[in-house]
Amino acid sequence: MAEYLVCSEEEIADGGRKVVACGDKEIGIFRVKGALHAWHNLCPHRQGPICQGRIYPQVVEPVDGNREVRTLRYNEENMHVACPWHGWEFDIETGRNAIGRYRLHRADLSIREGQVYVVL
Ligand code: FES
């Protein structure tokens, strides 16, 4: 097991991220609702750089009384990252994609004295 010092805790603002090299691996560290989450930078679809994708709230398509979707809304409680290669989306807190069948691979974090470490 190896531990990598990646940054200070305050370097990643809420809603932000940092992608770092840890040995021969890349890890994306995100902050959502104050908590840090770390994921390997490999999309489960075709190994694209998922952690470098666009971050945005979950898209919700409300169905009206005629069973039609006429507008899109955003659920600010669930932040997603979309893979830059083919657009698969993943919940940043759980690592699950929209249909729950695929997941990102979590990396362990350790925070000591304001410093963030990735443990692989
Ligand atoms: S590699 Fe990520 S969506 Fe295809």
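Strands here are DSSP runs of E with at least two residues, helices are runs of H or I with at least four, and both are numbered from the N terminus. R46 is found in the loop between β4 (35-40) and β5. The model is a predicted one, in which local features need pLDDT of at least 70, side-chain atom pairs count only at pLDDT 80 or more, and totals for chains, interfaces and linings use all residues. Residues are numbered from 1 along each chain as its sequence is written, and side-chain values use heavy atoms, with hydrogens and water left out.

The protein has nine strands and zero helices. Along the sequence the pattern reads β-β-β-β-β-β-β-β-β. The C-alpha atoms fill a box of roughly 55 × 30 × 20 Å along the principal axes. Of the 120 residues, 36% count as buried. Buried means under 20% relative accessible area, exposed means over 50%, and partly exposed lies in between, with a 1.4 Å probe and protein chains only.

UniProt lists residues 4-118 as "domain: Rieske", in an unreviewed entry. Positions from UniProt are given in the numbering used here, feature names are shortened, and annotations may be inferred rather than shown by experiment. Over residues 4-118 the chain is 47% strand and 0% helix. The end C-alpha atoms of this stretch are 5 Å apart.

Two strands count as paired if DSSP finds at least two bridges between them.

Five bridges join β8 to β9 (residues 115-119), and the two run antiparallel. I111 has V116 in β9 as its bridge partner. L109 stands opposite V118 in β9. β8 and β9 form a hairpin with two residues between them. E113 lies in the loop between these strands. Phi of E113 is near 50°, a positive value in a residue other than glycine. E113 is exposed, at 83% relative accessibility.

A further open sheet of three strands has the order β5-β6-β7, again with antiparallel pairing. β5 and β7 (89-91) are the edge strands, each with a single partner strand, so one side of each is left without a neighbour in the sheet. The twist averages 55° from one strand to the next. Seven bridges join β5 to β6, which run antiparallel. V60 stands opposite R73 in β6.

The loop between β4 and β5 also holds Q47. Phi of Q47 is near 70°, a positive value in a residue other than glycine. Q47 is partly exposed, with a relative accessible area of 46%. R46 is exposed, at 58%. R46 and H86 are 40 residues apart in sequence, yet their C-alpha atoms are 8.9 Å apart in space.

Side chains of opposite charge can pair when their charged atoms come close. A salt bridge is a side-chain nitrogen of Lys or Arg within 4 Å of a carboxyl oxygen of Asp or Glu. The structure holds seven salt bridges. K33, E77 and E93 are linked in a network of them. E77 and K33 meet at 3.9 Å, N to O. E77 lies in strand β6 and K33 in the loop between β3 (25-32) and β4, so the pair ties together parts that are 44 residues apart in sequence. E93 and K33 have their closest N and O atoms 3.0 Å apart. E93 lies in the loop between β7 and β8, so its pairing with K33 ties together parts that are 60 residues apart in sequence. E77 is exposed, at 51%. K33 is partly exposed, at 49%, and E93 is partly exposed, at 22%.

D64 and R70 also form a salt bridge, at 2.7 Å from N to O. D64 is partly exposed, at 26%, whereas R70 is exposed, at 58%.

Technical notes
Axes are lines fitted to C-alpha atoms, for helices over the stretch in contact, and angles run from 0 to 180 degrees between N-to-C directions.
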